[in-house]
Amino acid sequence: MKRFLYPIMWTMLLFTAWTLVSCSDDENTTELPTQVEAPEIIQSEEISDNPITLAFSWKVVDNAESYSYVLAAIKESGNETITQGNTTELNIEIVSTREAELFYSTEYLFSIKAIAEDKTESAASEVRVTTSGGAIALSIENLTYRSALLKGVPVDKSMLYQFAQVPMEKYTAYNSDMEFIEGYDYGYYQAMGAAMPWIPWYGLMQEGSQQGDYEYHTKILKPETDYLFYAYGVEFDMSNAEDPVKVITPMIKHPFTTPAWEATSNCTFDVSIESQQIDQDGYIVISVKVVPSDKSVNTTWRSRPGSRLKLPMRTISTTMHSKPYTTRRFTAVSETGLPPSTSPRERLSLPRRSSAGASIRRPSIGFWYSA
């Protein structure tokens with residue numbers, strides 16, 4: 001009887017061992033990720049400049065289910081993503097829109113990855129492409145927190161064109177380039193024309209147009225502010241008052257941001273008021289002495305309304321009271337060896353005379369300087 005059970009026991013033992021080994025092998029088996037190569041880019045170019053359109057294509061990648069791409073503008077401060085997405089195609093055209101705007105004379109970086117069915121990504125392939133300059137090449141030099149040299153170089157030197165810079169929010173308040181031109185630029189000349197009705201507004205616009213290479217040094221910028229530098233070609237028909245202006249090129253745009261303000265000198269100032277008095281003509285004459293710690297810097301100073309000074313009635317001429325506004329004569333004494341750059345006469349608002357006396361604003365002095 002025992003001998004009869006031995007074969008059965010051995011069979012059961014072998015089956016159990018095989019089952020345990022099989023389960024162990026299943027638990028230790030892991031699937032390897034799908035291998036996908038980086039796409040080979042075979043086309044990268046600008047195929048239209050109105051609107052700006054970039055075209056890219058690449059070879060098919062084995063095991064790839066889709067492709068992920070990114071287009072970024074190359075900037076010194078860091079690349080700025082313009083648009084990104086996924087596609088199952090082997091090519092894509094990126095057209096400039098208000099939401100994903102492309103600019104002339106700008107370098108862009110296009111990168112693409114292949115993606116497998118299990119979401120495994122390949123390494124990225126990259127290519128750079130630079131857009132054309134358009135009808136008018138715009139450039140900016142010597143950008144500071146308050147100034148910049150703006151340059152325009154048209155392809156057609158005989159073409160008239162508008163050339164300006166505005167805070168970016170002025171531009172983004174409109175829905176399209178043409179709406180901005182008609183609303184903002186036309187509106188500017190129409191407002192001027194309203195003040196000079198003997199000249200049509202489009203005549204003023206024609207007079208304000210540039211021709212040939214042009215540059216302008218703006219000094220009215222604000223620090224850490226976004227601006228739009230732009231230009232576009234125009235033609236005028238003075239005999240057609242209904243439609244006198246024709247825009248003949250796309251609006252060329254060059255956005256820029258001014259840097260933060262930075263002090264260019266550690267110069268300090270010793271300021272003292274040497275004397276102040278009212279002369280026979282009713283002018284307040286103030287003599288101010290300014291001594292900079294660094295005698296080599298150029299200084300500019302301005303006077304501003306500050307605290308009030310009560311003066312007895314007998315010290316103010318009646319002529320002064322008869323004027324709602326009078327003028328302050330400002331005398332500056334400089335120890336820099338450089339002439340002070342201030343206007344000799346500035347407007348000072350005086351309050352009306354009261355029975356108790358008159359209140360006169362004592363000017364406070366503000367200074368600006370540059371190395």
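Author: Buried means under 20% relative accessible area, exposed over 50%, and partly exposed in between (1.4 Å probe, protein chains only). The model is predicted, with pLDDT of at least 70 needed for local features and 80 or more for side-chain atom pairs, while totals for chains, interfaces and linings use all residues. Numbering runs from 1 along each chain as its sequence is written, and side-chain values use heavy atoms, without hydrogens and water.

Reader: How do the rings of Y171 and F180 pair?

Author: The whole structure holds 17 aromatic pairs (ring centres within 6.5 Å; planes under 30 degrees apart are stacked, over 60 edge-to-face, the rest tilted). Y171 and F180 form one with centres 5.4 Å apart and planes at 75°, and this pair is edge-to-face.

Reader: Is Y171 buried or exposed, and what about F180?

Author: Y171 has a relative accessible area of 3%, so Y171 is buried. For F180 the value is 0%, so F180 is also buried.

Reader: Why is the pair F180 and Y184 stacked?

Author: F180 and Y184 lie 4 residues apart in helix α3 (residues 177-195), about one helical turn. Y184 is partly exposed, at 27% relative accessibility. The ring centres of F180 and Y184 are 5.2 Å apart, and the pair is stacked because the planes meet at 10°.

Reader: Which residues do ring pairs link into a cluster with Y171?

Author: Y171 and F180 are paired edge-to-face, and F180 is stacked with Y184. Ring pairs link Y171 into a cluster with Y174, F180, Y184, Y230 and Y232.

Reader: Where does the charged end of R98 sit?

Author: Y171, a buried residue, supplies the ring. The charged end of R98 sits 4.4 Å from the ring centre, over the ring of Y171.

Terms used:
Phe/Tyr/Trp six-rings, centres within 6.5 Å; stacked < 30°, edge-to-face > 60°. Helix = DSSP H or I, 4+ residues; strand = E, 2+ residues; numbered from the N terminus. Lys NZ or Arg CZ within 6 Å of the ring centre and 35° of its normal.
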